[in-house]
Amino acid sequence: MPKITIQDLLKKKKQGQKITMLTAYDFPFAQIVDEAGIDCVLVGDSLGMVVQGLENTLPVTMNEMIYHTRLVSRAARNSMVIGDMPFMSYHTGIDDAVRNAGRFLKEGGAAAVKLEGGAGVADRISAMTKSDIPVMAHIGLTPQSIHRIGGYKVQGKTKEDAGRLLEEAKIVEDAGAFALLIEAVPMDLVARITESVTIPTIGIGAGPHCDGQVLVLHDLLGIFDRFVPKFVKQYANLKAEARDAIMKYKDDVERGIFPSEKESFK
Ligand code: KIV
């Protein structure tokens, strides 16, 4: 099966087929996501929280993102790899933004980048697109803005905010974004946004009316348990399974059961 392209995603929207996306940050998990047939793998800056143990995503650096994107790209045979632009990598000007976005393709092996924001980053979306760097926009709850918005809150609940989100969706589409990630927005508003744009919408905490869905892999697998947002469905409890396996190993070593003759050389 060839690599998923932007054109495949647009076709899926047109044909009413759902798009699947998950995060991954390293080779083994990216390989599992790819083998499972997921369309897009996002190397999210959520890596700060679920891999690096940070409080939020703000300290994640460009070099860290490039390193993890490279690991993921090495594993992704079919899934489209999207690199997430970290805080302050696209805020200081168009030139910086294009240069940093380009690193995801040149050094990270990604096929596209994602950045947070709507009208405020339209000039950067347009400049990247003109430089042949496909961009996924991200509106609604944008975790890099937590200090401005005052925490991880559902967005678009007032009439005014809903109107603003509808406008932002059109603006990023016009700027050239190939897809739009919508986070933590009421589902009826998301349905209106999805109908109003021709590019695919990918939701997280945005209900069922998006063209596709994304989750943080460590949430879905039950590896990250510091907090579990309402929109997460845990499909496994890998943290508990891993801890059980490690405790069995510890017990075997302490009781002299491991290694046995079977695991030893003669
Ligand atoms: O960084 C991330 O993982 C994200 C999520 C919204 C998927 O942006």
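Let's begin where two helices meet: Met 62, Asn 63, Met 65, Ile 66 and Thr 69 in H4 touch Asn 100, Arg 103 and Phe 104 in H5. By class, this contact of H4 with H5 has 4 nonpolar, 3 polar and 1 charged residues. Please keep in mind that this is a predicted model.

**How the chain is divided**

- The chain splits into domain 1, which covers 6-235, and domain 2, which covers 237-266.
- If you compare the C-alpha centres of domain 1 and domain 2, you will find them 39 Å apart.

**H4 and H5**

- Two packed helices are described by the angle between their axes and the distance between the axes.
- For H4 (residues 62-75) and H5 (residues 94-106), the axes come within 9 Å and cross at roughly 25°.
- Angles under 35 degrees count as roughly parallel, and H4 and H5 are therefore roughly parallel to each other.
- The crossing in which H4 passes H5 is right-handed.

**H2 and H4**

- H4 also packs with helix H2 (residues 27-35), at an angle of about 40° and with the axes 8 Å apart.
- H2 and H4 are therefore described as oblique to each other.
- Their crossing is right-handed.
- On the H2 side you can look for Phe 27, Ala 30, Gln 31 and Asp 34, which meet Leu 71, Val 72, Arg 74 and Ala 75 in H4.
- Sorted by class, the contact of H2 with H4 has 5 nonpolar, 1 polar and 2 charged residues.

**H8 and H9**

- Helix H8 (residues 159-175) packs with helix H9 (residues 187-196) at an angle of about 25°, and their axes are 10 Å apart.
- That angle makes H8 roughly parallel to H9.
- H8 passes H9 in a right-handed crossing.
- From H8, the residues Ala 162, Leu 165, Leu 166, Ala 169, Lys 170 and Glu 173 meet Leu 189, Arg 192, Ile 193 and Ser 196 in H9.
- The contact of H8 with H9 divides into 6 nonpolar, 1 polar and 3 charged residues.

- Which residues of helix H6 (residues 122-130) are buried? They are Ala 122, Arg 124, Ile 125, Ser 126, Ala 127 and Met 128.
- The cover over these buried residues of H6 includes H5, strand E4 (112-116), strand E5 (135-140) and H8.
- Just after H6 comes Asp 132, which takes a positive phi of about 65°.

- Thr 57 sits in the loop between helix H3 (47-50) and H4.
- Is Thr 57 buried or exposed? With a relative accessibility of 3%, Thr 57 counts as buried, since buried means under 20% relative accessible area.
- Leaving out residues up to four places away in sequence, Thr 57 touches Asp 45, Ser 46, Met 49, Pro 143 and Gln 144.
- Lys 248 is found in helix H11 (residues 238-255).
- Lys 248 has a relative accessible area of 58% and is exposed, because exposed means over 50%.
- The C-alpha atoms of Lys 248 and Gly 140 are separated by 44 Å, and these residues are 108 residues apart along the chain.

Methods
Residues numbered from 1 in each chain as written. Predicted model: local features only at pLDDT ≥ 70, side-chain atom pairs only at ≥ 80, totals over all residues. Heavy atoms only, no water. Axes fitted to C-alpha atoms, helices over the stretch in contact; angles between N-to-C directions. Helix = DSSP H or I, 4+ residues; strand = E, 2+ residues; numbered from the N terminus. Parallel < 35°, antiparallel > 145°, perpendicular 65-115°, else oblique. Left-handed = near helix turned anticlockwise from the far one by under 90°. Contact = heavy atoms within 4.5 Å. Nonpolar A, V, L, I, M, F, W, Y, C, P; charged D, E, K, R; others polar. Buried < 20%, exposed > 50% of the residue type's maximum accessible area, 1.4 Å probe, protein only. Domains from an automatic or database assignment.
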